[in-house]
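Let's take a walk through this fold, one piece at a time. Have the sequence and the 3D view handy.

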Amino acid sequence: MKYRLLLLLYTLAVFNQGVFAATNNKADAQPQVIIKGYKFIPPEITIKRGQKIRWLNQEKRQYHSVWFEASGEEEPEDYLFSGDSYQRQFNQTGSFPYRCGPHPEMTGIVYVVD
Ligand SMILES: [Cu+2]
């Protein structure tokens with residue numbers, strides 16, 4: 001009986017650690033945009049200056065790209081295939097619209113604030 005109680009307490013302690021770890025991870029999580037169904041999800045994202053965003057292609061087959069065309073950049077030659085990701089750091093505040101190279105209807109915007 002005593003052993004069972006100890007086991008229960010131990011289980012609860014482990015479970016609590018798990019909950020705290022999950023909470024911490026969420027707070028520290030890197031901003032992320034999922035690419036799925038020919039969409040950037042979320043299409044609008046606000047980050048702090050100096051943060052990095054990670055775009056992750058979760059399509060089953062389709063490739064995409066992340067192109068800051070309005071900022072005057074060249075279209076990226078590397079496509080993001082299924083499971084690929086792309087990271088970019090934003091060191092200036094402002095609004096940064098982007099699109100997918102092959103699919104002009106796929107658009108998103110990054111807001112960078114202090
Ligand atoms: Cu695309």
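## A cut-off to keep in mind

A residue counts as buried if 20 or more other C-beta atoms lie within 10 Å of its own, as exposed if 12 or fewer do, and as partly exposed in between. Bear in mind, too, that this is a predicted model.

## Phe 90, in a loop

Start with Phe 90, which sits in the loop between β5 (85-89) and β6. Is Phe 90 buried, exposed or partly exposed? With 19 C-beta neighbours inside 10 Å, Phe 90 falls in the partly exposed class, because buried takes 20 or more.

And what does Phe 90 touch, not counting residues up to four places away in sequence? The list is Ile 47, Arg 49, Gln 51, Phe 96, Val 110 and Val 112. Look at Val 113 as well: 23 residues separate it from Phe 90 along the chain, and their C-alpha atoms are 9.8 Å apart.

## The sheet of 3 strands

β6 belongs to an open sheet of 3 strands, ordered β3-β7-β6, where the pairing is mixed. β3 (44-48) and β6 (94-99) are the edges; each has a single partner strand, so one side of each has no neighbour in the sheet. From one strand to the next, the twist averages 20°.

Zoom in on β6 and β7 (residues 107-113): they run antiparallel and are joined by 6 bridges. If you want a spot to check by eye, Gly 94 stands opposite Val 112 in β7. Val 112 has come up already, as one of the residues Phe 90 touches.

## The sheet of 4 strands

The other sheet to look at is open too, with 4 strands in the order β2-β1-β4-β5 and mixed pairing. Here β2 (39-41) and β5 are the edge strands, each pairing on one side only. The twist from one strand to the next averages 20°.

β4 and β5 pair in the antiparallel sense, over 5 bridges. A handy landmark for this pair is Leu 56, which stands opposite Ser 85 in β5.

## The nonpolar core

Which residues make up the largest nonpolar core? It has 11 of them: Val 33, Ile 35, Phe 40, Ile 53, Trp 55, Val 66, Leu 80, Tyr 98, Cys 100, Met 106 and Val 110.

Leaving aside neighbours within four places in sequence, Val 66 is in contact with Trp 55, Pro 76, Tyr 86 and Tyr 98. Trp 55 and Tyr 98 are on the core list as well.

Technical notes
Residues numbered from 1 in each chain as written. Predicted model: local features only at pLDDT ≥ 70, side-chain atom pairs only at ≥ 80, totals over all residues. Core = buried A, V, L, I, M, F, W, Y, C linked by C-beta atoms within 7 Å. Contact = placed C-beta atoms within 7 Å. Pairing = 2+ DSSP bridges. Helix = DSSP H or I, 4+ residues; strand = E, 2+ residues; numbered from the N terminus. Axes fitted to C-alpha atoms, helices over the stretch in contact; angles between N-to-C directions.
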